[in-house]
Amino acid sequence: MQWWSTPHQALLNALEADAALPFLFSLLTDGTLKPQPSDIARLRDWPVALRESPCGPAFESWLNHASAAPLAHRPGFAAVWPDFAAAGFSDRAVHHQALLFVRLADRLLDARHFDLAERLTTLAAEAWNHLLRSDYLEELFRKLGGIEAGLHPRETLSHLLDADFDARLEDTRALLRTRGHDLDRDQLRFNARWFAIWATTQDDQQQTAFVSRRVQFETACSLQIAQDLDDRLTALELTRAQANDLTPVFSDARLRLEALDFPAAGVEEVVARAIDTLWTLRRLKRDDEPLFSQVVDEAMPLVPALERQIAAGTSVGQNARCADILVFRAERERGEKRRPFLERALNIAPKHRNASMLLSYLHLHDANLALVRAETAITVKAARKALSEAQNQIGRARTLFSENIDLPAYDERFLKACFKHGLQPHDFHDT
Amino acid sequence: MTRENPFDVLEVDPQSSSRDLTRRLKKLAERATGDERTRLQALWEQVTLHEADRIRWALLAHPRPDAADGRGIDLLRQAIGPATSRLNANAPELTIDDVICWPDESPSSEKQPVVELRPPFPWT
């Protein structure tokens with residue numbers, strides 16, 4: 001009679017799993033979570049599957065060390081898990097992990113450990129991606145009779161995730177309805193990352209569905225933010241609104257967009273409304289009041305995102321608006337401090353009128369300094385150098401904005417300085 | 001994807017056929033009463049009424065090969081019970097009289113009974 005049977009092995013596996021699971025949970029969640037009784041009942045095969053994986057020796061070695069070492073001396077997740085993953089997991093172990101990591105991410109989210117929840121969500125998506133690429137799910141489906149039932153693993157997984165997608169989107173809509181300090185930015189940020197993770201880590205066949213879900217999420221959030229902005233702006237009377245009325249409207253929109261990692265449509269909508277508001281305030285001659293500069297300050301953080309979108313071709317026809325914000329920002333500065341904003345505006349919208357005009361005046365300012373050096377130069381050589389610089393700056397000013405009303409005066413000054421030193425205007429072309 | 005899975009709750013192999021599931025649930029229902037029986041009925045319906053639902057639940061259940069059936073260890077733990085804690089609040093307080101062996105001054109020559117410190121060996 002065989003004295004070591006399957007029930008004996010099952011008991012031994014259960015005992016070893018009961019000992020191993022707390023260490024595995026501690027490793028994956030940085031000591032935050034412990035296994036619940038329901039976890040232990042479901043996961044008794046997981047340590048067995050890990051031992052049978054290519055990473056089995058590494059897993060055994062780590063477990064022996066972890067069980068003997070005090071908590072402070074145990075290696076952390078980053079030092080252990082990548083080695084396991086590099087060695088490889090069996091498909092059965094990955095199946096356990098794909099299910100467990102989603103549950104752990106939910107628990108971590110309930111406890112507001114967002115970074116850890118993001119880590120577990122990424123691991124879960126990678127695990128499902130692994131299963132979809134392997135034959136494991138096909139084989140499992142065949143054993144379950146799924147093929148005869150007309151089901152397909154990929155479609156079934158997509159169908160199952162749909163419920164989670166919908167729930168996550170509704171949760172985000174509810175978060176976006178809060179205002180001011182009540183906005184839970186951490187949760188909002190996680191929700192956006194959740195869609196990004198599932199959209200970027202699935203296999204090619206699934207990616208289209210998940211990417212479209214992410215686009216749907218971003219579009220819905222953008223529309224809701226824009227609608228809220230419209231409602232609040234409509235309720236304000238710009239002829240009488242004060243800074244503490246107007247600024248929070250754009251501040252809330254900006255904070256939401258930041259938390260959602262700047263969805264393209266949302267950025268375009270908020271920038272458009274900021275531009276409209278700023279031009280209205282200018283027409284009302286309220287552009288020298290604090291509320292004007294505060295609206296510009298709330299719009300400025302959106303500019304880098306809009307610049308990226310324009311460069312990537314995902315935002316079309318937004319160049320002028322992007323440049324408008326930069327010009328409004330430049331106007332607050334004096335002298336050379338304007339130059340970076342104006343050059344950035346012209347980089348985005350090369351024919352932007354106001355940016356061209358303001359930068360043209362900056363070049364004339366530089367021309368003025370060069371002309372002063374030329375007019376007071378003692379040697380012809382020094383005068384030649386200064387006049388060359390002046391000609392260069394005047395030329396740039398003319399190229400940028402030929403209607404600059406100061407150009408004739410600078411041309412005349414340049415000619416006089418040339419005559420004083422016996423030089424001709426065409427003497428500086430090769431300098 | 002994080003809803004309670006009938007296969008996990010019932011601790012049955014997700015690759016079981018509908019017939020095996022029904023047989024297993026019937027056995028559990030025989031020992032159950034009242035609300036627990038109703039709950040088992042609901043779980044049975046989730047995994048047997050619609051084939052597509054059974055397959056979906058099975059996909060989302062943790063693999064449970066025979067060598068990982070840990071129900072035996074749970075039953076053993078229920079039978080044996082937990083070890084007594086040293087932090088037992090009902091432990092008697094020791095006094096000096098318990099520590100020092102006073103000479104027996106009783107006129108009776110009857111010996112004191114020996115205190116049994118350990119539970120009797122259950123198997124003989």
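A:Leu12 lies in helix 1 of chain A, which spans residues 6–28 (helices are DSSP runs, H or I, of at least four residues, numbered from the N terminus). The model is predicted, so local features need pLDDT of at least 70 and side-chain atom pairs count only at pLDDT 80 or more, whereas totals for chains, interfaces and linings use all residues. Residues are numbered from 1 along each chain as its sequence is written, chains are lettered from A in the order in which they are written, and side-chain values use heavy atoms, without hydrogens and water.

A:Leu12 counts as partly exposed because its relative accessibility is 32% (buried means under 20%, exposed over 50%, partly exposed in between, with a 1.4 Å probe and protein chains only). Together with A:Trp3 and A:Trp4, A:Leu12 makes a nonpolar surface patch of about 350 Å² (patch residues have over 30% relative accessible area and no salt bridge, and nonpolar side chains are joined within 5 Å, like charges within 9 Å; areas come from the Shrake-Rupley method with a 1.4 Å probe).

Chain B and chain A bury about 3000 Å² between them (accessible area lost on being put together, 1.4 Å probe, summed over both). Their 1 salt bridge joins the side chains of A:Arg42 and B:Asp8 at 3.5 Å, N to O (a Lys or Arg side-chain nitrogen within 4 Å of an Asp or Glu carboxyl oxygen).

Terms used: Helices (H or I, at least four residues) and strands (E, at least two) are DSSP runs, numbered from the N terminus. Buried area is the accessible area (1.4 Å probe) that two parts lose on being put together, summed over both.
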